[in-house]
Structures are given as C-alpha cells and as structure tokens.
Amino acid sequence: MRKLNTIDGEGDRIVRRKLSEQVLERLLDMITRREIAPGEPMPSERDLMDRFGVGRPAVREALQSLDTMGLISISHGERARVSALTADTVIRQIDGVAQLLLSASPDNLEHLKQARRFFETGMVRLAAANATSGDIAELRALVDRQRESLGDADAFIAADVAFHRRVAALSGNPIFAAISGAMLNWLFNYHAEMLLWSGAEHKTLAEHATIVDRLATGDGQGAAAAMEDHLDRTDALYRHKD
C-alpha cells in the first residue's frame with residue numbers, strides 16, 4: 001500500500017474549487033448540450049442563482065468568463081445571449097497572446113510571416129478553382145475601393161484586409177479563412193505603419209489587380225505565384241521593434 005507523503009505529496013491534495021468555476025462548468029455543459037441554442041437568451045442571474053444555489057457574484061463571474069471566451073454576448077440592460085460558435089470566435093481568443101508572442105522575439109515574427117505565406121498561397125489556389133464571376137467582380141470592387149482610399153491610411157488598410165479576407169473566404173474552408181484573417185490582423189496591428197510609404201500603395205494595388213486577373217482565368221498556379229510576389233515585397237515591411 002502506497003504511503004502518502006505529507007510533505008511532498010502535492011498531487012494528493014484535494015483542492016476546493018471556486019463556486020464560479022463550478023457554475024462555469026455547468027453553464028458550459030448547458031451550452032454544449034444545446035439546452036440553450038445560439039441566439040437564445042441565457043437564464044436570468046436570479047434563475048441561475050436559484051438553480052445552482054449560489055450567490056450573484058459567482059454567477060456574474062461565470063457569465064463574464066463565458067463572455068471572454070466568446071461563447072455569450074453581454075449587453076447592458078439585457079440578458080446575455082449565446083453566441084454562434086465559429087472558427088473566427090475561436091481564433092480570436094488568442095489575439096492577446098499572439099501579440100505578446102510577436103513582441104517576445106524576432107524569430108516569432110518570421111515564423112508568423114512564413115505561416116501566413118503557407119496559408120495565403122494555398123488558399124489562393126483553392127480560390128482560383130472556386131471563384132465565380134460574381135466573386136471576381138467583388139474582388140475588383142475591393143481593389144477599386146482601395147484605390148479610392150489613397151491618402152487615407154486607415155481606409156486603405158481596411159480595404160487591404162478586406163481583400164485578403166475575401167480571397168481566403170473563397171477557399172471554401174472557414175477554418176483556413178479564420179486562421180489567415182487572424183494572422184493578417186496580427187501583422188497589421190503589429191506594424192501597420194510600415195505598409196504606408198511613398199509610392200508603395202500603388203504597387204499594392206497593381207499586385208492585387210494581378211492576383212484577381214489570375215483568379216478570373218482559374219489559374220491557380222499563376223495566382224499563387226502572384227501572391228508569392230506580393231508577399232515577398234510586403235513581408236519585408238514587417239520588422240521586429242528593437
């Protein structure tokens with residue numbers, strides 16, 4: 001029979017869990033079992049207090065945790081509602097950690113650029129196979145919108161992000177699109193100012209137009225090569241802060 005070590009046996013100790021953690025576990029189970037479907041309101045705080053036999057602080061802390069996780073949305077004066085769980089909501093949960101990771105080492109930034117290249121070139125090949133004439137028209141409209149935004153840094157970058165997110169969406173895989181969009185946002189938030197320098201905006205517009213031209217003909221290999229050229233130039237703009 002194993003003898004308990006009263007000094008070093010940390011793994012044998014029974015740890016009392018916070019009430020809010022237990023409430024959170026119950027609420028997660030309710031959402032997982034679809035007792036409350038996406039879009040439906042959560043029970044009121046009073047109902048949850050009565051159901052679980054706990055005080056208001058435990059319920060509020062558990063609800064706040066669900067909100068932080070992106071599983072519910074809390075609006076002032078209204079009952080919380082269950083959110084639809086998507087790839088985007090899952091990936092967004094690591095935004096803060098990703099920014100810390102980027103700041104920690106120059107190597108991490110290079111790894112992110114490499115990962116983005118892998119996804120962007122792979123997705124543009126899928127986009128070439130999937131794009132309809134309507135999709136191509138929408139991409140051309142995004143390039144036009146970006147051209148009209150010359151001189152307005154925020155609008156230009158917003159249109160740039162919209163263009164790449166639309167190409168990613170054409171891959172037909174929402175997980176690919178969510179990961180690609182997150183990586184793009186991490187890069188832009190990290191060093192967006194590097195993208196705006198005299199004359200370079202016109203290069204971006206020309207490169208985007210070339211990508212669309214390749215997609216319009218269903219040329220996956222050509223679209224991937226055009227995306228590679230685009231990333232070869234723009235990747236150099238993201239540099240780690242010393």
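**Helix pairs and a pocket**

Entry 1. I started with helix α10 (residues 200–216) and helix α11 (residues 220–235), whose axes come within 8 Å and cross at roughly 165°. I noted that the model is a predicted one. An angle over 145 degrees counts as roughly antiparallel. So α10 and α11 are roughly antiparallel to each other. I also looked up the hand: α10 passes α11 in a left-handed crossing.

Then I listed who touches whom. On the α10 side, the contact includes Ala 200, Lys 203, Thr 204, Glu 207 and His 208. Thr 210, Ile 211, Arg 214 and Leu 215 of α10 take part as well. From α11 come Gly 222, Ala 223, Ala 226, Met 227, His 230 and Arg 233. I sorted the residues of this contact of α10 with α11 by class and got 6 nonpolar, 5 polar and 4 charged.

Entry 2. Next I took helix α7 (residues 133–148) and helix α8 (residues 153–169). They pack at an angle of about 165°, with axes 8 Å apart. These two, α7 and α8, are therefore roughly antiparallel to each other. The crossing of α7 past α8 is left-handed. In α7, I found Asp 135, Glu 138, Leu 139, Leu 142, Val 143, Arg 145 and Gln 146 at the contact. In α8, the partners include Phe 156, Ala 158, Ala 159, Phe 163 and Val 167. Which classes make up the contact of α7 with α8? I wrote down 9 nonpolar, 1 polar and 5 charged residues.

Entry 3. I stayed with α8 and checked helix α6 (residues 106–130). The angle between α6 and α8 is about 60°, and their axes are 8 Å apart. That makes α6 oblique to α8. Arg 116, Glu 120, Met 123, Val 124 and Ala 127 of α6 meet His 164, Val 167 and Ala 168 of α8. I counted 5 nonpolar, 1 polar and 2 charged residues in the contact of α6 with α8.

Entry 4. Last, I turned to the largest pocket. Its volume is about 250 Å³. How many residues line the largest pocket? There are 14. Glu 45, Leu 63, Ile 74, Glu 78 and Ala 80 lie nearest the centre of the pocket. Which helix gives the most to the lining? I found helix α3 (residues 56–68), with 3 residues. By class, the lining of the largest pocket divides into 5 nonpolar, 5 polar and 4 charged residues.

Terms used
Residues are numbered from 1 along each chain as its sequence is written. This is a predicted model: local features need pLDDT of at least 70, side-chain atom pairs count only at pLDDT 80 or more; totals for chains, interfaces and linings use all residues. Side-chain values use heavy atoms; hydrogens and water are left out. Axes are lines fitted to C-alpha atoms, for helices over the stretch in contact, and angles run from 0 to 180 degrees between N-to-C directions. Helices (H or I, at least four residues) and strands (E, at least two) are DSSP runs, numbered from the N terminus. Angles under 35 degrees count as roughly parallel, over 145 as roughly antiparallel, 65 to 115 as roughly perpendicular and the rest as oblique. A crossing is left-handed if the near helix is turned anticlockwise from the far one by less than a right angle, and right-handed if clockwise. Contact means heavy atoms within 4.5 Å. Ala, Val, Leu, Ile, Met, Phe, Trp, Tyr, Cys and Pro count as nonpolar, Asp, Glu, Lys and Arg as charged, and the others, Gly among them, as polar. On a 1 Å grid over the protein atoms alone, a cavity is a set of points where a 1.4 Å probe fits but cannot get out, and a pocket is an open set with protein on both sides within 12 Å along at least five of seven lines; lining residues have an atom within 4 Å of a point. Grid points are joined across faces, edges and corners, and a volume is the space filled by probe spheres set on the points.
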